[in-house]
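Dear colleague,

I am handing over the structure we spoke of, and my notes on it follow below. Please read them with the model open beside you.

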Amino acid sequence: MPAIPTTTSVSESAVIDAPFSAVWHLIKLQDFSKFWSKLEKSEFVKGASPETDIVQWTFKDGQTLEVKQEEHSSIDHYITYSVISAKPELSYTSVVSTIRAYPITSGKHEGQTFITWTGNFSSDADASVIQDAKFKRREALEDLAKAASKN
């Protein structure tokens with residue numbers, strides 16, 4: 001059966017009913033298990049270079065991902081990370097993701113937070129990978145909203 005042509009990027013967004021500081025405080029790779037219900041733990045990889053932030057995410061289904069922080073801006077409020085290894089192996093070569101948060105400063109959502117979570121996959125990612133990434137991001141953003149509203 002031929003592969004279904006698909007875009008190799010995903011972008012999900014949400015308005016979170018919590019102050020910007022409560023949301024931004026949770027957006028650290030090593031802290032994702034504090035809000036994302038699919039994660040059992042998230043912790044720095046021991047022995048990684050001190051200049052390189054590498055975090056291992058252990059999912060409740062047993063999958064592990066090592067993610068490397070590629071960029072971080074506390075001025076523009078985003079982090080970009082890539083998956084550098086996975087067990088079991090992924091069906092695609094690479095993905096680079098960015099999470100960006102914006103304080104909503106006016107209008108009916110003033111005092112809340114707008115957040116985006118994008119992913120750009122290598123061309124060998126198929127439609128099922130993109131769909132899975134879409135739904136995982138949506139679930140994680142819902143979890144983030146619940147965690148941020150508790151703060």
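The side chain of Ser 122 comes within 3.1 Å of the backbone nitrogen of Thr 93, a polar contact in the sense of a pair of N or O atoms within 3.5 Å, where, within protein, one must be able to donate a hydrogen and the other to accept it, and residues adjacent in sequence count only if both atoms are side-chain atoms. This is a predicted model, in which local features need pLDDT of at least 70 and side-chain atom pairs count only at pLDDT 80 or more, while totals for chains, interfaces and linings use all residues. Residues are numbered from 1 along each chain as its sequence is written, and side-chain values use heavy atoms, with hydrogens and water left out.

Ser 122 lies in the loop between β7 and α2 (127-150), helices (H or I, at least four residues) and strands (E, at least two) being DSSP runs numbered from the N terminus. Ser 122 counts as buried because its relative accessible area is 14%, the cut-offs being under 20% for buried, over 50% for exposed and partly exposed in between (1.4 Å probe, protein chains only). Beyond its neighbours within four places in sequence, Ser 122 is in contact (heavy atoms within 4.5 Å) with Thr 8, Tyr 92, Thr 93 and Ser 94.

Ile 99, in strand β6 (residues 95-103), is likewise buried, at 2% relative accessibility. Its contacts outside four places in sequence include Ile 27, Phe 32, Tyr 81 and Trp 117; the C-alpha atoms of Ile 99 and Tyr 81 are 8.8 Å apart.
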